[in-house]
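These are my notebook entries on a structure I went through entry by entry. I set down what I looked up and the criterion used each time.

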Amino acid sequence: MSGAIAVDAASGSPLGPVPLDTTEVRWFADGVLPFSLVEAFYNSAGPVNIEVRCDTYHVGGSIDVGLKRRGGGRVEIKTRLSSGGLVGLGGAVPGRIEEWRKTAGLEAPAAPQGEGEVWSEVNKVVLKCTYGAGANHVGGSGERRPATSGCHIELASVLVEDIQAWTFALEAWGPAAVRRKLLAGALAALNRDSPLGPEFEASLEHSMGYPEWL
C-alpha cells in the first residue's frame, strides 16, 4: 500500500489514510517485455516479488494527478508535486525525476461514471525488488511506511486493451533529504547485482508516469 492508516494514540481507532511522499523515475517501452530481461531481473542478488493484477485508472485528466483502483481494492490518489532532474541509464532516454504524494485506502465507487469520465483497465505482471538505505537488497515487497525508507525497483509488463508495453521504474520513500540518494544507490546496486545490458537500455524511449502515459 502506498499510504498508511493513522491511529489515534489514545483510542487506537484509525484516523484515516496518511499521504506518503515519494521520489520516482519511470520509463516505458513499446511491445512485449523480452524474456531475457525478466530472467536477468529475476536472477538478481536477492528475492524478487511477482504480482499479477488489474488496476483501473482514470484517463483524460491532468497528467499531474493519477487516480486508480489497485487490483480491485480501494482507490489511490497520486499527485505530482514537482518534476526536475534527470537520471542517466546508459543508452536509454534520460529518466525524469518526479516528486509524488500518494494517499491510498480511500473509499470510492468501483468505476465512477459520468459525462466525460473515462476509466481504463491496465493488466500488469509486476516484478519488484527492494533496496534499503544502505543499497542492500532487502526483499521483493518492502512495505512503504512514513517511518521507514527504501527504494523499490520495478519491471512490469502492461496490457491496455490490445496495446502491449512494459515499464521500468524506481520509487524511493523516506525523508525528503535522502530520497534521491536512495534512488541513485538502488540503481547502482541493481547494476551491480543484475546488469540488464544494452538491449534493456536501448528499449527505454519514454520517461513519464502512468497518468501521462495513459
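**Entry 1. Confidence.** I began with pLDDT, the predictor's confidence in each residue from 0 to 100. The protein has a mean pLDDT of 80, and 79% of its residues reach 70 or more. I noted that this is a predicted model, in which local features need pLDDT of at least 70 and side-chain atom pairs count only at pLDDT 80 or more, while totals for chains, interfaces and linings use all residues. Residues are numbered from 1 along each chain as its sequence is written, and side-chain values use heavy atoms, with hydrogens and water left out.

Helices (H or I, at least four residues) and strands (E, at least two) are DSSP runs, numbered from the N terminus. Over residues 1-15 pLDDT stays under 50, and the model has 30 contacts there beyond four places in sequence; contact means heavy atoms within 4.5 Å. Where pLDDT is low, the predicted coordinates should not be read in detail.

**Entry 2. Overall make-up.** I recorded 4 helices and 12 strands. Of the 214 residues in the protein, 46% are buried (under 20% relative accessible area; exposed is over 50%, partly exposed in between; 1.4 Å probe, protein chains only). Among contacts between residues at least 6 apart in sequence, 68% join residues at least 24 apart.

**Entry 3. Cavities.** On a 1 Å grid over the protein atoms alone, a cavity is a set of points where a 1.4 Å probe fits but cannot get out, and lining residues have an atom within 4 Å of a point. Grid points are joined across faces, edges and corners, and a volume is the space filled by probe spheres set on the points. I found 2 cavities of 30 Å³ or more.

The largest cavity has a volume of about 260 Å³. Its lining has 21 residues, and Arg-26, Lys-68, Arg-70, Lys-78 and Lys-102 lie nearest its centre. By class, 13 of the lining residues are charged, 6 nonpolar and 2 polar. For these classes, Asp, Glu, Lys and Arg count as charged, Ala, Val, Leu, Ile, Met, Phe, Trp, Tyr, Cys and Pro as nonpolar, and the others, Gly among them, as polar. Elements that each supply at least two lining residues include β3 (20-30), β4, β6 (75-87) and β8 (118-131).

The second largest cavity has a volume of about 40 Å³. Its lining residues include Arg-26, Lys-78, Trp-100 and Tyr-210. β3 gives the most to this lining, with 3 residues. The lining divides into 4 charged, 3 nonpolar and 1 polar.

**Entry 4. Arg-53.** Is Arg-53 buried or exposed? It counts as buried because its relative accessibility is 11%. Arg-53 lies in strand β4 (residues 49-59). Its side chain makes a polar contact with the side chain of Asp-55 at 2.9 Å (a pair of N or O atoms within 3.5 Å; within protein, one must be able to donate a hydrogen and the other to accept it, and residues adjacent in sequence count only if both atoms are side-chain atoms). Leaving aside neighbours within four places in sequence, Arg-53 is in contact with residues including Lys-68, Arg-70 and Asn-123.

**Entry 5. Leu-214.** Leu-214 is partly exposed, with a relative accessible area of 28%. Beyond four places in sequence, Leu-214 is in contact with Tyr-57, Val-59, Val-122 and Val-160. Leu-214 and Ile-63 are 151 residues apart in sequence, yet 9.0 Å apart in space, C-alpha to C-alpha.

Methods:
1 Å grid on protein atoms, 1.4 Å probe; cavity = no way out; pocket = protein on both sides within 12 Å on 5 of 7 lines; lining within 4 Å.
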